[in-house]
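Subject: Structure handover

Hello,

Here is the structure I promised to pass on. Please open it first, then read my notes below.

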Amino acid sequence: MKVYTISYKKLFLIILLSLSTGIIAQTKPKVLILATGGTIAGSAASGVQSGYTSGQVTIDAMVNAVPDAMKLADIKGEQISNVGSQDMSFEIMLKVANRINELAGSKDVDGFVITHGTDTMEETAYFLNLVVKTEKPVVLVGSMRPSTAISADGPLNLYNAIAVAADPKAKAHGVLLVMNDWIHSAQSLTKVSTTAVQTFMSPIRGLIGTTSYGVNDFYHYPDQKFGKSSEFDVKGVTTFPRVDIIYADADMKPDLIDASIEKGAKGIVIAGVGNGNMNKASLDACARASKKGIIVVRSTRVATGIVGRNVECNDDELGLIASYGLNPQKSRILLTVALLKQRKLDELQKIFLEY
Ligand SMILES: NC(=O)C[C@H](N)C(=O)O
């Protein structure tokens, strides 16, 4: 029998040729889409109508609308819920978090995409940022126009989100959100327009990167704690303590704070004026709440800027927490998760600085 020998150089060339011609299949990253609903899954009776219903289209139909995405990754979908995100609940958020944590060590998933409505996307994104224990990319995506609209933004957003979730460079960046070519961190993003496609901004800490037709650029690393460095764990958790948000304004009525306590709130977030402020009567009500062991966080109704400690009101004396860079809705998520365990005021204040 004749034995043929082949040099390493030739072998290398053959493998290279086979890969480029597709004779040897390159393994694609595996992306799991967890679908929760939203406008991205919404539909209307016509392409030019502002009224529509969220959460109508299944994940399979959404993926089929973006056939090019199959070239980026092997894609699987799971329908967790199909609701407009105005109906998002801790129960659904928990299902998503548990599913990601369950698959964190699995070889069958390299990255996660979560389709979600934009109205409360920042809450779910930030919740997951605190409690998922994986360095695999976790990317939320939604749209501002329903799937039936002229120039629907969902398909390209979904394509870009899959590209980011499949990208090893996106690993260990915490939970991300991809919309309209921008990659945001869950920690920094906020929704700023009721209807515009360009609705998400990261006004305090800036963007993580950009993506354009699946080509990603990362130029910023989130500096707050998240994921594996986060101390929060929701394993086995089924219920959360009640935390209310109360909106401050001129001549605010302090009895809203007392009503919240009566209803069983363990924490209250004030969407304060300016630097997390409120009138004297409301500050007095907050101090009374704090004396009863209710945790009161001062955040702000203003879109940008940090709420600092002991600015214009004496947090040390009144027993209050400053939210720093977190807006009211994210302050509520952090306080809700933090209050799964009893904690002292100074520990909670440190948490608001670090997350
Ligand atoms: N653009 C959207 O997704 C809005 C919708 N109400 C939702 O949050 O589900």
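Two strands pair if DSSP finds at least two bridges between them. Helices (H or I, at least four residues) and strands (E, at least two) are DSSP runs, numbered from the N terminus.

Residues are numbered from 1 along each chain as its sequence is written. This is a predicted model: local features need pLDDT of at least 70, side-chain atom pairs count only at pLDDT 80 or more, and totals for chains, interfaces and linings use all residues.

**Overview**

The protein chain holds eleven helices and 14 strands. Its C-alpha atoms fill a box of roughly 95 × 50 × 35 Å along the principal axes. Of its 355 residues, 43% count as buried. Buried means that 20 or more other C-beta atoms lie within 10 Å of the residue's own; exposed means 12 or fewer, partly exposed is in between, and C-beta atoms are placed from the backbone. Contact means that the C-beta atoms of two residues, placed from the backbone, lie within 7 Å. Among contacts in the protein chain with a separation of 6 or more, 71% are between residues 24 or more positions apart.

**The open sheet**

Four strands form an open sheet in the order E11-E12-E13-E14, with parallel pairing. Its edge strands are E11 (243-247) and E14 (321-322), and each pairs on one side only. E11 and E12 (residues 267-272) run parallel and are joined by five bridges. Within that pair, Ile-246 has Ile-270 in E12 as its bridge partner. Helix H7 (residues 255-262) packs on the sheet and touches E11 and E12. The direction of H7 makes about 170° with that of E11. For such angles, axes are lines fitted to C-alpha atoms, for helices over the stretch in contact, and the angles run from 0 to 180 degrees between N-to-C directions.

**The hairpin**

Strands E9 (residues 209-212) and E10 (residues 215-218) run antiparallel, joined by four bridges. Thr-210 has Asp-217 in E10 as its bridge partner. Two residues separate the strands of this hairpin, and Tyr-213 in the turn has a positive phi of about 45°.

**Around the ligand**

Which residues surround the ligand? They are Gly-38, Thr-39, Ser-54, Gly-84, Ser-85, Gln-86, Gly-117, Thr-118, Asp-119, Gly-142 and Met-144. A residue counts as near a molecule if its C-beta atom, placed from the backbone, lies within 6 Å of it. By class, the shell has one nonpolar, nine polar and one charged residues. Here Ala, Val, Leu, Ile, Met, Phe, Trp, Tyr, Cys and Pro count as nonpolar, Asp, Glu, Lys and Arg as charged, and the others, Gly among them, as polar.

**Annotated positions**

The unreviewed UniProt entry gives "active site" at Thr-39 and Thr-118. These span 80 residues in sequence, yet no two of their C-alpha atoms are more than 7.6 Å apart, so they gather at one spot. The UniProt annotation "binding site", also from an unreviewed entry, covers Ser-85, Thr-118 and Asp-119. That set spans 35 residues, yet no two of its C-alpha atoms are more than 6.7 Å apart, so they too gather at one spot. UniProt positions follow the numbering used here, feature names are shortened, and annotations may be inferred rather than shown by experiment.

Thr-39 lies in the loop between E1 (30-37) and H2 (59-64). It is buried, with 28 C-beta neighbours inside 10 Å. Its contacts include Ser-54, Thr-118 and Met-144.

Thr-118 sits in the loop between E3 (111-115) and H5 (121-131). Thr-118 is buried too, with 24 C-beta neighbours inside 10 Å. Its contacts include Ser-85, Lys-191 and Thr-199.

Ser-85 belongs to the loop between E2 (74-83) and H4 (90-103). Is Ser-85 buried or exposed? It is buried, because 23 other C-beta atoms lie within 10 Å.

Ten of the eleven residues of helix H10 (residues 328-338) are buried, so H10 is largely enclosed by the rest of the structure. Its cover includes H5, E11, E12, E13 (295-300) and H11 (345-354).

Leu-326 is in the loop between E14 and H10. Leu-326 counts as buried, with 26 C-beta neighbours inside 10 Å. It touches Ser-299, Ser-331, Leu-334 and Phe-352, leaving aside residues up to four places away in sequence. The C-alpha atoms of Leu-326 and Ile-204 are separated by 9.3 Å, with the two residues 122 apart along the chain.

Best wishes
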